[in-house]
Structures are given as structure tokens and as C-alpha cells.
Amino acid sequence: MNFTFDSELDSFVATVSDFITKDYSPQHIRNAWQQESPFSQEKWQSMVGLGITQMTLDERFNGMGLSLDEAALVYEELAYGGVIEPIIEHSILVNNLAHYFPYDLQQLISSKLVDSFIAVVHPLSPLVNHLTQAAGLLSINESSIIYTDVASVSHTILPSNDPSRKLSRIDNLESFQAFQIDKNLEQKIVSSGKVMTAIMMLGLSRRCLDITSEYVKTREQFGKPIGSFQAVKHMLADVAVKIEFAKAAVYRAAYSINADNANHALHANIAKYLAAQAGEIATKNSIQAHGAMGYTWEVDLHIFMRRIWAITSQWSSAGALELEIDRFLQSNLEDLGSTFTFREK
Amino acid sequence: MKLNYTNDQNSFRQEVRSWLERNVPKKPLLSLDTKEGFEQHRHWEKTLNKGNWSMVTWPKEYGGRGLDLIEWLIFEEEYYRAKAPIRVNQNGVFLLGPTLMEYGNEAQKQRFLSAMARGEHIWAQGWSEPNAGSDMAAIRSTAIKQGDKFIINGQKTWSSRASFADWTFGLFRSDLETSRHHGLSFILVPLDASGVSVRPIPQLDGEPGFAEIFFDNVEVPTDNLIGNEGQGWNIAMATAGFERGLMLRSPARFQETAANLIKLASNYDNLAPSINAALIDCWVRAEAYALNIYQTASKIQAGKKIGPESSLGKIFWSNLDLEMHAVALKILGTQSELKNEEAKNISSWIKGFMFSLAGPIYAGTNEIQKNIVAERLLGLPR
Ligand SMILES: Cc1cc2nc3c(=O)[nH]c(=O)nc-3n(C[C@H](O)[C@H](O)[C@H](O)COP(=O)(O)OP(=O)(O)OC[C@H]3O[C@@H](n4cnc5c(N)ncnc54)[C@H](O)[C@@H]3O)c2cc1C
């Protein structure tokens, strides 16, 4: 039992953090919003250059073969930066799982895993982000993965409340190749979707909290910084508590995916449930602590709040998570209690 | 990261489990806040010590097993699973123990740790005073050095277990020239010393779970000073870190409550969706707490220190505990007020509810914890 991150990854996280500070400013995001497609090939390539797409990719595809829990902090940092390009999605939904895919599908996509972006669509996440930039689309359901060239997808672009997201509704697949999968793999993909959203939520919530902490230190009313008022302090402390107590649950769920833990679905539900709560209070209290400034387009806070609101119901809404957790509890009444958390079946 | 128990950890769990199965009293002990119940609990501490279970993380020479924090968590899980008695000496083993380990000299460790482990000294924490609650730096009780003695005067209050305990670890002003958190000293005082008087205070449940302690020219040898004179505040803050962060409230306690709550609810049909949602929320939070503590324990084992983060934990568990009991009372409805001993599964909830209301107050109120989080973790101005 060792719940710490490999310290060798510290420098990786630091590199990504540096990249976010220097190359991925809120101003960059605002500029990208002015483009026809906010997806920047240049930024994508920079991130590929940092090794992001190789982290969780199995060694057979020239990846580093890290498990999702080890790489989680790096993705969290990218989410903190509000990156527009769906590199977290590609890394977690495709690259981390590619070696579990049917062999023929592996062959088909192997050359696209490191450099390009493969989009994923599933009933729990039915709108595809940045489809036009993708090198392929995987449509996943309980029994199959369907691979399509983007050129053969007919789709309708739908606007998102988050200008960083360019969503497509899939209308028709003109030609495709279907691969049978078992339910286990599909469940692993669903859990990955939930954990991914939870990881992003941690990074984004932390960003909202940081932006707000800085703001309340400088904005003055009644002759002092508003951050010295206790009502404001306590609002932000409440956010810090929610973030802190989502973290370990998220990292454990990430761990369970690659460790083939029999309860990975439960762990993913718990992770997403807690992280979504953190996101909810982070946005609500951050805007409140900014006053009217928080309600403007001008202040950067909304860049990150929009992302939280947009992703919070991806890969299952809060209500759906509760129902699933409830079903688990009802059918495991005798197993709950103090020895439950790490018990192996 | 490796989130499985090792074979050694699994067999350790089995060892704990089978010892507890053989030794936990079949008949529940009387309340530890009665004289007789207190002695029953002291006897249980002795039984624990015979099995070397007083505090598994302590070195063997002081009655421990030299194990790590993960093993301590396993021990706690089994302890709560077995419904073993409340630790009457938790102030000692969980708070003063680690403090002595860090700040005590060798003679003090020899003298106090083993006696604590054997249940010979049951400890009370003597920090709060009538006018120094949240503002602990306003402490007025004094300990003035005269030769090889301290002369102690003043009053402590809200001291848990002090009604029947043997010793208190107190914070006293030893330098009258300085103020606030300067000039305080951390001193151990026997409660049977001449000049000490204890006045029990009945709590919400009617029992004297805490007490006032009056000191009237009490003489204590300077050997009872922990660390240096004037260093008391820093030592107390370290103790409070153990208290809030990890030791005082191991996750097992809340996980058992959460599981009992889910089981309680399963006996009722047609609970309102809001109750159901609250149940799920409570259970998930108990899991979140356990996971967080495992992560914290791993971090400490890897050599990291926990600082103001411990305040996050204190806010989290105290709110969770309160909410779990509040939900249980809603489920019990008109039964919730019953206090009959025969139906403990019902009456334990109202008793637990009342105690859970103290959680956001003791060990530093949650408002104070939020100030600490905002100022020390988020860097907001004072
Ligand atoms: C069951 C129980 C057991 C206890 N056991 C012990 C023990 O063993 N040893 C011991 O020394 N003490 C013990 N205490 C005392 C406990 O530590 C104090 O009650 C606590 O620190 C609060 O102090 P107070 O009661 O004087 O409340 P006050 O300090 O008077 O606070 C009253 C209210 O005002 C708020 N408040 C005060 N100052 C601020 C501020 N700056 N900002 C915002 N809000 C503020 C508080 O949060 C609280 O809500 C125990 C208390 C309880 C309830």
C-alpha cells in the first residue's frame, strides 16, 4: 500500500506547468476563440513534443506505458491551463486503453496515436469535440467499437456555451469498420470517461480557486483587501475542502482502471461525484467572491468556469452517478464499513 | 502508487481480527464518563496493552510494535469493525504520545509512554480556559519557575476525561513579560497533586465528559516540562496537527457510521429522494475521507510533513459526522428521540447526534479552521 506519486514524475508535471504559464495564457485562449477553429495545430504539436500523448500509451506503440494514476497530475495540470485541444481526451480515452482494443483495430490506429488526435463518441458523451481536427472517430457502444475516417462522417456543428469547445452531432457514418468488444472493455471506457472528467474538474477547480485567491488579495473595499473579510475567507476555504477531499478518490479511481480492479466502475462514480461537487462550489464561490467582476467577459475566471459547466455532465450526470452508487450500496449492504475501501474481492 | 495491501499487511489484519474476536468484551462497557465505566475502560486499555496493541506505531520499548501508519489504519479498521470500546486514553495515545515522541527527552519517554500504554496514566488535555477558547494565545494560567519546580496557578476548562483522569498536559504562561503565544510552556501535571481540584461538567448527555481544573499553587518538578520553556505554543500546534490531521479521528469510525446508516435506511420503504441523496452523499464522503487519510499516511511515510492541511480534514470529518447522524434521525422519525437501552440501534443515533454537534467545536472550531485554511493555504491577508 503506497498512495504516493512516483517522484520521477514531478519534473514532468513541472514542465507542463511551465508550458501552461509561458505558452498557454488566458490571452492565448481568447485569441483562439477568434479563430474559425480554436484548435491550434501548433499547440497540439508542442504538447506532443512534451510527450503528453506517449505517457499512458503502451510500449508496443512507442509509448511510456505509465498507468493513468501516474499520469493523472500531468493531465490535471493541462486542465488547469484550460487547454483547448482535446489532448487529455485522446490520451485517456484512446491511448491509455489502446492495448486493450481488438488487435485489428490497434493495427488500424497505431500510426495515429502519438501525433494525431482520435475522437471518441459514446452514448454518455454523444457530442464530439473538435471532430474536424481528428484523424479518426471511434464510436463505442456495449458490444462494438466502430472506426471511421473523419471524411466519412456526416455531422452537424453545434455551438457550445464554452467557445473552446467545437461540438459535432454525428448524423451518419458513410463507411466504417466495426470491431466486436466485450462488455468489460466498454465499462473500462466508461470509467475512463468519468475519471477523465474528474481529473479535469480537479485542475479547473483549482484554477478558479487560484484566480479568486489572487483577486481577493488585491481588490479593496472598506479600506482593506476583501480577502481579509471572514465571509470571503470561509467561502474559499469551503472550496479548498471540497477539492482536497475529491483528490484521493480521483487518483484511486484512475489507479483502478489500469489495475483491473473489479470495482473500477464504483470508484469512477465516486471520483466523478466528488469532483463535480468541487467544480460546482468552485464556480459558485469564485464568481461570488469576484462580485460583478465575476459576471463579466473581461475577467478570465469564466474561461475556466465555462469548461466546468460544460463537462460536468459528460460521461453521466450527477443524478445518474447517484443511482449507480445507490444500486451498488443496496446490493452490497453486508460488505460496507470500515474494511471496505481497499478490500479485494 | 500501489493500492493493495501486502501479504504482511493482510496477515497483520488477520492477527488483529482474531485477537479482537477473542478479547473484545462481549457485554458493552458502561459509559466511560461514569466512575465505574471509566475504570472498565482503563481495564480494557490494560488488556490492549497485554496484547501489545496500545499504539502499534510506537517503538517496541514503549509498548508499541514499531509498525507504520498504514498498519495503524488497518488496526483501526479492525478495531471499529469489532465494535471495541472507546479509547479512554485517546488524549494520551493519539495526542500526547506523538508529541512526546517528537519533543520529549529520553527520560520523559521512558517515564510516560509505557505508563500511558499500560493504562496507568489516563490523560486529559488542559489547554482551554474560560477566556481562552478559540483565542488560545490568551491563556492566563501561569507556571512560574522556582528552582527545580514550576508553581502553577489558574484554571483550565472543557478538559475531556479530566473528571476521572490521572494527568493533564497543559499550556501555561511561564514568562509574564511576554504575551500571546510567546512565553507559554507545555507542562505535564498529575491531577492528584496537592492544590489541584477538578470540577466535572455535565455535557449534553448529562454525563461529566469534561471538567474544569483549578490550580492553586501546584508544585510540579521541572522534569515535567516538555521541550523548552517558552516553546509551548509550537509544541501545542504540533499536537493539534496530530489531533486534526490524522490521529484523533481515523476514517474507520466514520465508515462504520456510514455503513450503519445505509443499513438503517434499508429497513425503511419509500424514503424521500432527498433522504436517499443525503445517504449516498454521506457514504461517498466517508469513502473520500478514508482515501484521503490513506494518501496522507503514505505522504507522511514518504517523509512529508502535514501542516495547515490538517485543518481541511477537521472541517471535513466533523461536518460529515454531523450530517450522518442528522440524516439518521430523519429516517427514524418519531422513534428518533427514544433513549431506551434495549433498543441501542435506535438510541445510539440521538446520542451520537449530540456528540457529533461537538465535532465542529472541539479541536479548534471549524470557523477557526477555515481561517487557517484561507490564511495559510490560500495566502489571504489576516
Ligand atoms: C466536547 C468537547 C470537548 C472538548 N475537549 C477539550 C479538551 O479536552 N481540552 C481542551 O483544552 N479543550 C477542550 N474543548 C474546548 C474546545 O477546544 C473549545 O471549545 C474551542 O476551542 C472553542 O472555544 P470556546 O468554546 O471558548 O468558544 P469561543 O472561542 O467563545 O467561540 C464561540 C463561537 O465564536 C466563533 N469564533 C470565535 N473566534 C472566532 C474568530 N476569530 N473567527 C470566527 N469565529 C470565531 C467560534 O468559531 C464559535 O462558533 C472541548 C470542547 C468540546 C465541545
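**The ligand and its surroundings**

Reply: By class, the shell around the ligand is made up of seven nonpolar, 10 polar and one charged residues. These values come from a predicted model. The ligand is placed between chains A and B. Of the 18 residues around the ligand, those that come nearest are Ser134(B), Trp158(B), Ser160(B), Thr365(B) and Glu367(B). Two elements of chain B, strand S3 (149-160) and helix H11 (366-377), each supply at least two residues of this shell.

In the side chain of Ser134(B), an N or O atom is 2.6 Å from an oxygen atom of the ligand. Gln125(B) takes part through its backbone, with an N or O atom that lies 2.9 Å from a nitrogen atom of the ligand. For Asn371(B), a polar side-chain atom lies 3.4 Å from a nitrogen atom of the ligand. On its own, the ligand has 960 Å² of accessible area, and the protein covers 67% of that area.

In chain B, the loop between helix H10 (344-358) and H11 holds Ala363(B). The phi of Ala363(B) is near 60°, a positive value in a residue other than glycine. Most residues other than glycine have a negative phi. Ala363(B) counts as buried because its relative accessibility is 12%, under the 20% cut-off. Lys83(B) likewise has a positive phi, of about 50°, although it is not a glycine. This lysine lies in the loop between helix H3 (69-81) and helix H4 (90-103) of chain B. Lys83(B) is exposed, since its relative accessible area of 62% is over 50%.

The largest nonpolar core has 216 residues, of which Phe101(A) and Trp283(B) touch the most other members. Helix H9 (residues 230-258) of chain A gives the most to this core, with 18 residues. Apart from this core lies another, of 18 residues, including Ala124(B), Val196(B), Phe215(B) and Val220(B). In soluble globular proteins, nonpolar side chains tend to be buried together.

Leaving aside residues up to four places away in sequence, Trp283(B) touches Leu266(A), Ile270(A), Ile325(A), Leu329(A), Leu336(A) and Phe340(A) of chain A, together with Ala258(B) and Ile262(B) of chain B. Ala286(B) is found in helix H8 (residues 273-301) of chain B, and counts as buried because its relative accessibility is 1%. Between the C-alpha atoms of Ala286(B) and Asp321(B) there are 8.9 Å in space, while the two are 35 residues apart in sequence.

In chain A, Asn332(A) lies in the segment after helix H12 (318-331). With 11% relative accessibility, Asn332(A) counts as buried. A polar atom of the Asn332(A) side chain lies 2.8 Å from the backbone oxygen of Phe328(A).

Helix H11 (residues 301-311) of chain A is largely enclosed by the rest of the structure, because nine of its 11 residues are buried. Among the buried residues of H11(A) are His302(A), Arg306(A) and Arg307(A), as well as Leu301(A), Ile303(A) and Phe304(A). The cover over the buried residues of H11(A) includes helix H2 (26-33), helix H5 (68-80), helix H8 (183-218) and helix H10 (264-290) of chain A.

Conventions: Residues numbered from 1 in each chain as written. Chains lettered and ligands numbered in written order. Predicted model: local features only at pLDDT ≥ 70, side-chain atom pairs only at ≥ 80, totals over all residues. Heavy atoms only, no water. Core = buried A, V, L, I, M, F, W, Y, C linked by side-chain atoms within 4.5 Å. Buried < 20%, exposed > 50% of the residue type's maximum accessible area, 1.4 Å probe, protein only. Helix = DSSP H or I, 4+ residues; strand = E, 2+ residues; numbered from the N terminus. Contact = heavy atoms within 4.5 Å. Near = heavy atom within 4 Å. Polar contact = N/O pair within 3.5 Å; in protein donor to acceptor, adjacent residues only side chain to side chain. Areas by Shrake-Rupley, 256 points an atom, 1.4 Å probe, with all protein chains shown as cover. Nonpolar A, V, L, I, M, F, W, Y, C, P; charged D, E, K, R; others polar.
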